[in-house]
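This briefing walks through one protein chain, topic by topic, for a reader who is new to reading structures. Please keep the sequence and the 3D view open beside the text while you read.

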Amino acid sequence: MLSRRALLAAGLCFSGAAHAKERARADSAFLAFVEALRPDAAARGVTPQTFEAAFRGIVAPDSAVLARTHRQSEFVRPVWDYLVGAVSGGRIARGRARAATLVTTLQAIEGRYGVPGPVVLAIWGVESDFGASAGDVPTIRALATLAAAGHRGTLFRDELLAALTILQRGDVTPDRMSGSWAGAMGQVQFLPSTYLAQAVDFDGDGHRDIWASAPDSLASIAAYLKDLGWDPALSWGYEVRLPEGFDLARYAGDLADFTARGVRRADGGPLPSRGRASLFLPGGLGAPAFLITDNFEVIRGYNTSDSYALAVGHLADRLGGGPPLAAPWPAAPGLDGPGLRKLQVGLASAGLYDGPTDGRAGPKLREAVRRYQIRAGLPADGYATATLLAHVVGQTAPRP
């Protein structure tokens, strides 16, 4: 009779052999996927030489990239936690120092695209810490790994073909084409399709180099924001103070109307006399309150996150010499991812929400929360809390 240790060793050997066989199958499937890309790549003008140079040494998927797809946290960080890192004192200091060395470039970019220098700098800062942390994951291998795994449908297969097109055009070599684990590239974190549509050769060297050129990176950001609809006549938004008894149900309108209703900028400056805005209370009543314009949504077009857009806007203000936020953030966070998902389901059941049940806050959920709060006679701050969730679930639950 075999000892327990021997049985355990035999089991481990069997498990190891099975794992090795499974990995060999996965590697074989990966290589077959890559080979099957050739016709579509050729249809885009990618030569065999470019194709083979792009995949040289890539014989297996990147296990670290695959692991990241399963590490998406269900917890949604409060916006103020995100701002701590994104708008830190060190980042503000580094951004102001970079701005001082790029004055002429930033002025020229603003003149061509109509996007203020501090906004362009802020996105550059949040995306790559002003070029210092652009990511070192090889783009072709990352995209091939995600595409072969079928992650997010055909998105990454299309991006992989776009990346091969970039290599064919000669803007960058395979060894320099790097970025994040999800294929976002360079100092501006463009996906390849965005690069093809928006990247700019601003320094005039014949290459759209978002990996090493600050002028190209900054101009590419500005060109993208302009294409998304940036209005040069407006800011992204303003921190404001609300008067006592302010009617939260009237949360959108002309900036002049907000002034007439007693809303004031927290820094004491005047609100513009033209343009429209809506009230944004990411921490509920008593926390910082903002009037956000259409340019806030333009920033969200770069990254569809309220926290991201607010961080970029506030960092831009600080880089331009503006003050810190005046109001304090709440002590407790709002709902986490699972809670937001339950809220989305509950509001959908009430006929108030038609967005995805993805556990993420955004404009559609804010609007649904406000509509529910108005219907229920609650303060319409649009802020998702555990108390609100209990109220919604209680109202939408089947009656015995």
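Arg 152 lies in the loop between helix α9 (139-148) and helix α10, and in this predicted model the phi angle of Arg 152 is near 55°, a positive value in a residue other than glycine. With a relative accessibility of 59%, Arg 152 counts as exposed, because exposed means over 50%.

- Phe 130 is placed in the loop between α8 (117-128) and β1 (137-138), and Phe 130 has a positive phi of about 60° although it is not a glycine.
- Is Phe 130 buried or exposed? At 3% relative accessibility Phe 130 counts as buried, because the limit for a buried residue is under 20%.
- A search of the whole structure finds 13 aromatic pairs. In the pair formed by Trp 124 and Phe 130, the ring centres are 5.9 Å apart and the planes stand at 85°, so this pair is edge-to-face.
- Trp 124, the partner of Phe 130 in that pair, is buried, with a relative accessible area of 0%.

**Other rings**

- Phe 190, Tyr 224, Tyr 302 and Tyr 308 are linked into a cluster by ring pairs.
- Arg 370 takes part in another kind of arrangement, in which its charged end sits over the ring of Tyr 251, at 4.2 Å from the centre of that ring.

**The chain as a whole**

- The chain has 18 helices and 7 strands, and along its principal axes the C-alpha trace spans about 75 × 70 × 40 Å.
- Of the 400 residues in the chain, 46% are buried.
- Among the contacts in the chain with a separation of 6 or more, 66% are accounted for by residues 24 or more positions apart.

**Nonpolar cores**

- The largest nonpolar core holds 81 residues, and the members that touch the most other members are Phe 55, Tyr 113, Ile 140, Leu 164, Met 177, Leu 225 and Tyr 302.
- Which residues does Tyr 113 contact once its neighbours within four places in sequence are left aside? Tyr 113 is then in contact with Val 200, Phe 202, Ala 219, Ala 222, Ala 223 and Lys 226.

**Helix α5 and its buried face**

- In helix α5 (residues 79-86), the buried residues are Val 79, Trp 80, Leu 83 and Ala 86.
- Seen down the axis of α5, these buried residues fall within an arc of 125°, so they line one face of the helix.

**Ile 166 in helix α10**

- Ile 166 has its place in helix α10 (residues 155-169) and is buried, with a relative accessible area of 0%.
- When residues up to four places away in sequence are not counted, Ile 166 touches Asp 171, Val 172, Met 177, Met 185, Pro 192, Tyr 195 and Leu 196.
- Ile 166 and Leu 196 are 30 residues apart in sequence, and their C-alpha atoms are 7.2 Å apart in space.

**The five-stranded sheet**

- An open sheet is formed by 5 strands in the order β4-β6-β7-β3-β5, with antiparallel pairing, and its edge strands are β4 (252-254) and β5 (264-265), each of which pairs on one side only.
- Strand β3 (residues 237-241) and β7 run antiparallel and are joined by 4 bridges, and the bridge partner of Gly 237 in β7 is Ile 292.
- Strand β6 (residues 276-280) and β7 pair in the antiparallel sense over 3 bridges.
- Which residues stand opposite Phe 290 in β7? Phe 280 stands opposite Phe 290, and Glu 239 also stands opposite Phe 290.
- From strand β7 (residues 289-292), Ala 289 and Leu 291 point one way while Phe 290 and Ile 292 point the other way, and all of them are buried.

How values were computed. Residues numbered from 1 in each chain as written. Predicted model: local features only at pLDDT ≥ 70, side-chain atom pairs only at ≥ 80, totals over all residues. Heavy atoms only, no water. Core = buried A, V, L, I, M, F, W, Y, C linked by side-chain atoms within 4.5 Å. Buried < 20%, exposed > 50% of the residue type's maximum accessible area, 1.4 Å probe, protein only. Contact = heavy atoms within 4.5 Å. Helix = DSSP H or I, 4+ residues; strand = E, 2+ residues; numbered from the N terminus. Arc of directions from axis to C-beta. Phe/Tyr/Trp six-rings, centres within 6.5 Å; stacked < 30°, edge-to-face > 60°. Lys NZ or Arg CZ within 6 Å of the ring centre and 35° of its normal. Pairing = 2+ DSSP bridges.
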